[in-house]
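I opened this structure to look up its overall build, its strand pairing and the surroundings of a few residues. My entries follow in the order in which I made them.

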Amino acid sequence: GVGAARFFCQLGYRVIVTDLKPRKDFTLSITALRGCDNIQYIFGRHRISDIKKADLIVKNPGVPEASPYIIKARSLGKTITNDGAIFLDIAPRDRLIGITGTKGKTTTTLLIKHLLGKDVVAVGVPGVSFFDYFFARREPRFVVAEFSSFDLEYAHSSPSIAVVTSLFPDHLNRYRSFAEYAGVKMNILRYQESSDAAFLCRG
């Protein structure tokens, strides 16, 4: 959540970062957000009062839809999203290459970045936030982004080039069926236009 917190902080919004884990687990994250004075931290609990006054809730991908806090937020009519959906909504889709799949996402993302050469950035890979793109010193030629199924759950936009590396049952402790899991994965191309391109695995 560091990328999202930093992004909205620098846009001037009042940000509340809340997690059920204790503060000691977030020393590095808090250090990375030093200087963001409009961030309030609530650790060890989630407060219903914070949910009630939120205009936007950015959910960590690890938080399931069945979370009682997410259910409460929905009952209050709150807008819920995540990093991947925000990125897809505002990144330059004509220069965006999105990669998903059950296996091979990171390898494919980094390989495409390498093959495209200079002035290309990769985001969404382990350790790199989607929001890092917005803090780049200069505009890259292409942005190559890795998306897990969790990242795509709230997607309402697709990149101009979409790649699906593989697709077989996974995360069925989160999704009710393989069909539901696959349907979420297909959000990476669901909103493409006729001039866009999709590369799918065979079989």
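**Overall build**

I took helices (H or I, at least four residues) and strands (E, at least two) as DSSP runs, numbered from the N terminus. On that basis I found 8 helices and 9 strands in the chain. Along the principal axes, the C-alpha atoms fill a box of roughly 50 × 40 × 30 Å.

I noted for myself that this is a predicted model, in which local features need pLDDT of at least 70 and side-chain atom pairs count only at pLDDT 80 or more, while totals for chains, interfaces and linings use all residues. Residues are numbered from 1 along each chain as its sequence is written, and side-chain values use heavy atoms, with hydrogens and water left out.

**Burial, contacts and charge**

For burial I used relative accessible area: buried means under 20%, exposed over 50%, and partly exposed in between, with a 1.4 Å probe and protein chains only. Buried residues make up 40% of the 203 residues in the chain. The accessible surface, by the Shrake-Rupley method with a 1.4 Å probe, comes to about 11,400 Å², and 55% of this belongs to carbon and sulfur atoms.

I counted a contact where heavy atoms lie within 4.5 Å. Of the contacts in the chain with a separation of 6 or more, 67% are between residues 24 or more positions apart.

For charge, I counted Lys and Arg as positive and Asp and Glu as negative, leaving out His and the chain ends, and placed each charge at NZ of Lys, CZ of Arg, CG of Asp or CD of Glu. The chain has 28 positive and 19 negative side chains, with the centres of the two sets 4 Å apart.

**Strand pairing**

I treated two strands as paired if DSSP finds at least two bridges between them. Starting from E6, I found that this strand runs parallel to E7 and is joined to E7 by 4 bridges, with Val120 facing Phe142 of E7 as its bridge partner. Strand E7 also pairs with E5 in the parallel sense, over 4 bridges, and here Gly98 has Ala145 of E7 as its bridge partner.

Strand E5 (residues 96-100) is in turn joined by 4 bridges to strand E8 (residues 161-164), again running parallel, and Ile97 stands opposite Ile161 in E8. From E8 I went on to strand E9 (residues 197-200), which pairs with E8 in the parallel sense over 4 bridges; Val163 has Phe199 of E9 as its bridge partner.

How many of the residues of E7 are buried? I found 4 of its 5 residues buried, and recorded the strand as mostly covered.

**Single residues**

Thr109 lies in helix H6 (residues 105-116) and is buried, at a relative accessible area of 0%. Apart from neighbours within four places in sequence, Thr109 is in contact with Ile99, Ala122, Val125, Val144, Ala145 and Glu146.

Asp119 sits in the loop between H6 and E6. I noted its phi near 60°, a positive value in a residue other than glycine, and its 35% relative accessibility, which counts as partly exposed.

Ser158 is in the loop between E7 and E8. Is Ser158 buried or exposed? At 1% relative accessibility, Ser158 counts as buried, and its contacts beyond four places in sequence include Arg93, Asn187 and Tyr191.

Pro64, in the loop between strand E3 (56-58) and helix H4 (68-75), is partly exposed at 36% relative accessibility. Leaving aside neighbours within four places in sequence, I found Pro64 in contact with Ile70 and Arg174. Pro64 and Tyr175 are 111 residues apart in sequence, yet 9.5 Å apart in space, C-alpha to C-alpha.

My last entry is Asp132, in the loop between strand E6 (120-123) and strand E7 (142-146), which counts as partly exposed at 33% relative accessibility.
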